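Trainee: I have just opened this one and could use a guide. Could you walk me through a few parts of it?

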Amino acid sequence: MAKNLKVNIAGVILNNPIVTASGTFNSGKEYSQFIDLNKLGAITAKGVSHEPWQGNPPPRIAETHGGMLNAVGLQNYGAKAFIQEDLPFMRQYSAKVIVNLCGRTIEDYVAVARDFDGVDIDLFELNISCPNVKAGGMAMGTDPKMAEEVTRAIKNVTKTPLIVKLSPNVTNIVEIAKAAEAGGADGLSLINTLLGMQIDIHRRKPILGNKIGGLSGPAIKPVALRMVYQVAKAVNLPIIGMGGISAAEDAIEFIMAGATAVAVGIANFTNPRVTMEILEGIEAFMDKNDIQDINEIRGVIE
Amino acid sequence: MSTDVTQKFFAAKILSNSEVASDIFSMTLHAPEIAGDVKPGQFAMVYLGRGEMLLPRPISFCDANPAEGTVNLVYQVVGKGTKAMAEMPAGENVKILAPIGNGFFLDRITATPAIVGGGIGTPPLLLAAKALAAKGIKPDVFLGFRSNSILVKEFETVARNVYIATEDGSHGHKGYVTELLKNGNNYQEIISCGPAALLQALKTYAASINIPCQVSLEERMGCGVGTCVGCVVKMYGTFVRICAHGPVFDANEVDLNG
């Protein structure tokens with residue numbers, strides 16, 4: 001009997017648990033040169049706001065040991081341009097489409113959600129966790145009351161299932177997760193980047209134009225895994241786990257910790273074909289361990 | 001955002017990788033997949049294969065030989081990543097993604113241009129000089145270095161004249177390369193690559209004598225293919241991606257001061 005890799009995120013069936021992380025994959029066009037996008041469970045598009053955002057001054061990228069800092073600041077052309085220029089490309093493929101929503105105020109978030117009224121997408125991912133925008137962004141994702149409020153505000157204006165993306169820059173991740181659940185979230189994704197910094201000692205200046213930025217990559221994987229594990233035990237929502245996943249073994253760890261799907265971020269930069277290698281590695285692991293359904297191993301860690 | 005992208009990600013055999021001047025290395029790769037497609041000014045992302053250094057390094061093509069299926073990268077060791085590149089032995093494979101970027105605007109060149117390079121900005125200009133010479137337009141080449149010069153002989157085979165400046169006076173004029181570039185009105189355009197201060201000086205000079213100036217920019221890059229929006233320059237007030245829209249720009253269209 002064929003193995004089952006299908007997973008269910010808030011009623012949306014993904015062909016497999018492999019998702020791309022927002023902001024690392026654009027809308028898939030560039031990576032379609034190297035992989036078959038039909039073999040992805042879902043593509044999370046770059047963050048999109050109601051109006052275009054300019055982003056932060058360069059340098060925006062700094063490599064760290066086993067990780068990378070970024071301070072891009074969610075530069076994007078706005079929802080209208082995304083819907084016209086990117087979405088038709090994404091819709092050519094069987095991968096589900098997750099739209100990552102950005103804003104600075106609750107009104108911003110509601111406005112960008114409404115930009116998708118009547119537009120054919122599968123899931124929203126609410127970005128209340130980006131550390132690189134001054135207002136909104138992470139400020140909402142680190143205050144349980146605000147997180148609940150913005151989640152509810154969007155649920156009130158859309159029927160598209162809503163995943164809330166959590167910031168790790170909090171004392172108690174479970175508290176925020178429960179707040180999103182109370183606000184009506186249909187799923188959670190975690191983690192976003194951890195606040196970090198790097199200094200050029202010769203120039204005596206921070207490397208990033210924004211001084212501080214968000215750390216991602218293998219360096220943060222243990223933190224991400226711990227948070228997914230804690231949240232999965234505490235809430236009754238499907239989770240897209242992410243944070244430094246760069247191999248099949250990493251992905252399986254997140255699933256065993258309780259994630260329904262896994263998102264691959266900057267590992268795409270290190271290896272443009274990594275998503276396919278992770279998928280093949282999961283299948284090989286299932287064969288070797290006689291696992292018929294990927295959902296069998298979800299949350300097996302007590 | 002182009003749909004006609006033909007970038008390839010593959011393992012290339014390192015034919016040679018050796019130091020040609022202090023901290024400057026030349027790596028030749030067997031890469032028939034792309035050798036015939038590389039345009040002057042384009043670059044490759046070079047994957048280090050090291051767990052602690054995740055990001056590939058953007059390195060410009062210095063040469064490409066379609067007949068032999070080889071490409072050449074000349075790079076400077078400036079940090080841990082390029083040091084790791086310098087340690088890659090001949091005979092092994094290195095993964096690259098290429099070709100990337102738009103390259104120099106050579107189609108519009110119909111009369112002698114001034115090619116101006118500074119330091120490690122010099123290598124990509126060799127391929128440009130070769131392409132121009134091949135269409136019968138030998139450029140005048142101005143190269144500036146801190147101390148050791150590189151690629152001078154190679155430029156001499158394809159240039160009308162080669163002028164050298166070094167800051168320490170060890171080769172050619174003692175001082176900056178911009179001091180050699182006089183009578184700019186004799187040139188149709190300036191084609192340049194080098195440190196930001198040089199490009200800014202050339203932009204100002206070209207504007208003062210009313211000739212076009214094309215500049216090839218570098219920036220810290222994440223993905224190299226346009227997805228991460230990490231490498232940007234301000235163009236007419238908005239940030240554009242250097243890897244996807246550049247690395248070559250008309251100098252008057254971009255803000256070189258960040």
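Predicted model: local features only at pLDDT ≥ 70, side-chain atom pairs only at ≥ 80, totals over all residues.

Trainee: Okay, which residues of α9(A) are buried?

Mentor: In α9(A) the buried residues are Val274(A), Thr275(A), Met276(A), Ile278(A), Leu279(A), Ile282(A) and Met286(A), and what covers them includes β3, α7, β16 and α8 of chain A.

Trainee: Switching topic, at what angle do α4(A) and α5(A) cross?

Mentor: The axes of α4(A), residues 144-155, and α5(A), residues 173-182, cross at roughly 30° and come within 7 Å. Angles under 35 degrees count as roughly parallel, so α4(A) is roughly parallel to α5(A), and the crossing is right-handed.

Trainee: Which residues make the contact there?

Mentor: On α4(A) they include Pro144(A), Ala147(A) and Thr151(A), while on α5(A) they include Ile176(A), Ala179(A) and Ala180(A).

Trainee: Now chain B: what is the strand order in the open sheet?

Mentor: The three strands lie in the order β14-β13-β16 with antiparallel pairing, and the edge strands, β14 (238-241) and β16 (254-255) of chain B, each pair on one side only.

Trainee: How many bridges join β13(B) to β16(B)?

Mentor: Two bridges join these antiparallel strands, and Met235(B) stands opposite Val254(B) in β16(B).

Conventions
Residues numbered from 1 in each chain as written. Chains lettered and ligands numbered in written order. Heavy atoms only, no water. Buried < 20%, exposed > 50% of the residue type's maximum accessible area, 1.4 Å probe, protein only. Helix = DSSP H or I, 4+ residues; strand = E, 2+ residues; numbered from the N terminus. Contact = heavy atoms within 4.5 Å. Pairing = 2+ DSSP bridges. Axes fitted to C-alpha atoms, helices over the stretch in contact; angles between N-to-C directions. Parallel < 35°, antiparallel > 145°, perpendicular 65-115°, else oblique. Left-handed = near helix turned anticlockwise from the far one by under 90°.
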